[in-house]
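Okay, thanks for coming, everyone.

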Amino acid sequence: MPRPEIVMSTPHRALHLASRPEGLPKDSDFELRESAPAALADGQIRIAVKFLSIDPAMRVWMTEAKSYWPPVGLGEIMRSAGIGEVVESKNEKFPVGVWVSGMTGVQDQLVSDGKGMQRFDAQRLPHPGWALSVFGATGLTAYFGLIEIGTPKAGEVLVVSAAAGAVGSNVVQIGKALGMRVIGIAGGADKCAFVKDTLGADEVIDYKNEKISDAIKQHCPDGIDVYFDNVGGEILDAVLKRLKLRARIVLCGGISQYNATGETRGPANYLSLISARGKMEGFVVIDYLHRAEEAITAMAPWVQAGKLTSKLDIVEGLPNFAEALRRLYTGKNFGKQLVQI
């Protein structure tokens, strides 16, 4: 029998951007508002949001800086990807009980016409949050960044910064699945042990307790073929000095710079790209979303074979969104950061 509708009677709760942060986002940069649930029109669905994806790019969305998406306006609901369950439906494509993923915003429920929402079978995943990690934008970022921009080859040396983070941990595992020699960079003994023992990196560098330039020289004596950059700053500078001929640098993010109150620090050693005939290229995953099935098809066998896993770091409660976001920039998060509603 079809699952009965759950008509939402509890207030709709959403976090609105109240001010543009200076430095780390503060709780006071957001305002929690409650309102009565909106009635459904024909063709609409109500989604009870279960988990929110917390991503470094959110800090950029909160500024007025030019980006691949327009800034979140003051007073608007904070932008976020999320997953949830359809609890009320007037759309036959999305019956009650179906799980969906998409841009939900930082709220506990939303009314949608279904456009931009993707159905998935939560019961087939180790945890529903995998729809926001390996099989979500995080996994697609790792896959297309490495495959399309990094153009990896078996036997090449791959260095990955923020290797214990959401994207970085996937890149480490994909690199190993492709037969590369992988050196991960992470902060602290626990994260470094995870990168080597669980993710399978050949070597790991603890940027908190080692001198980056010396450690890279030690572990990459013949240079680096591919660098997947999630942090920028000092680590990018150190890598630029160790490039092999025709090296490729994948610019995915620059988390070390996102909360800077002054000018963004650029790479000091970029001239190394000339002598190495190297390439440094940025990308945004939204350019590859139309190829999502391609990536999922490629990664699914690695998951089934135990070569690709996901560690979830879950903070509970919508009001704790700002704290979850800060965890990304202070190094407290360990794996894919989520908020459970």
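So, the largest nonpolar core here has 48 residues. This is a predicted model, by the way, so keep that in mind as we go. If you want to find your way into that core, look for Leu 158, Val 160, Val 171, Val 195, Phe 228 and Met 299, the residues with the most contacts inside it.

Which elements build it? At least two residues come from each of the strands β4 (81-89), β8 (157-160), β9 (181-186) and β11 (224-229), and likewise from each of the helices α2 (137-149), α3 (166-177), α4 (189-198) and α8 (292-304). The top contributor is α2, with six residues. And the core takes in both domain 1 (12-133 + 311-340) and domain 2 (137-286), with at least three residues from each.

Apart from that one there's another core, of 30 residues, including Ile 54, Val 98, Leu 325 and Leu 328.

Now zoom in on Val 160. Leaving out anything up to four places away in sequence, Val 160 touches Gly 168, Val 171, Val 172, Val 182, Ile 183, Gly 184, Ile 185, Phe 228 and Asn 230.

Last stop: Thr 138, which is in helix α2. Is Thr 138 buried or exposed? Its relative accessibility is 5%, and buried means under 20%, so Thr 138 counts as buried. Its side chain makes a polar contact with the side chain of Lys 336, at 3.0 Å.

Terms used. Residues are numbered from 1 along each chain as its sequence is written. This is a predicted model: local features need pLDDT of at least 70, side-chain atom pairs count only at pLDDT 80 or more; totals for chains, interfaces and linings use all residues. Side-chain values use heavy atoms; hydrogens and water are left out. A nonpolar core is a set of buried Ala, Val, Leu, Ile, Met, Phe, Trp, Tyr and Cys residues joined through side-chain atoms within 4.5 Å. Buried means under 20% relative accessible area, exposed over 50%, partly exposed in between (1.4 Å probe, protein chains only). Helices (H or I, at least four residues) and strands (E, at least two) are DSSP runs, numbered from the N terminus. Domain bounds come from an automatic or database domain assignment. Contact means heavy atoms within 4.5 Å. A polar contact is a pair of N or O atoms within 3.5 Å; within protein, one must be able to donate a hydrogen and the other to accept it, and residues adjacent in sequence count only if both atoms are side-chain atoms.
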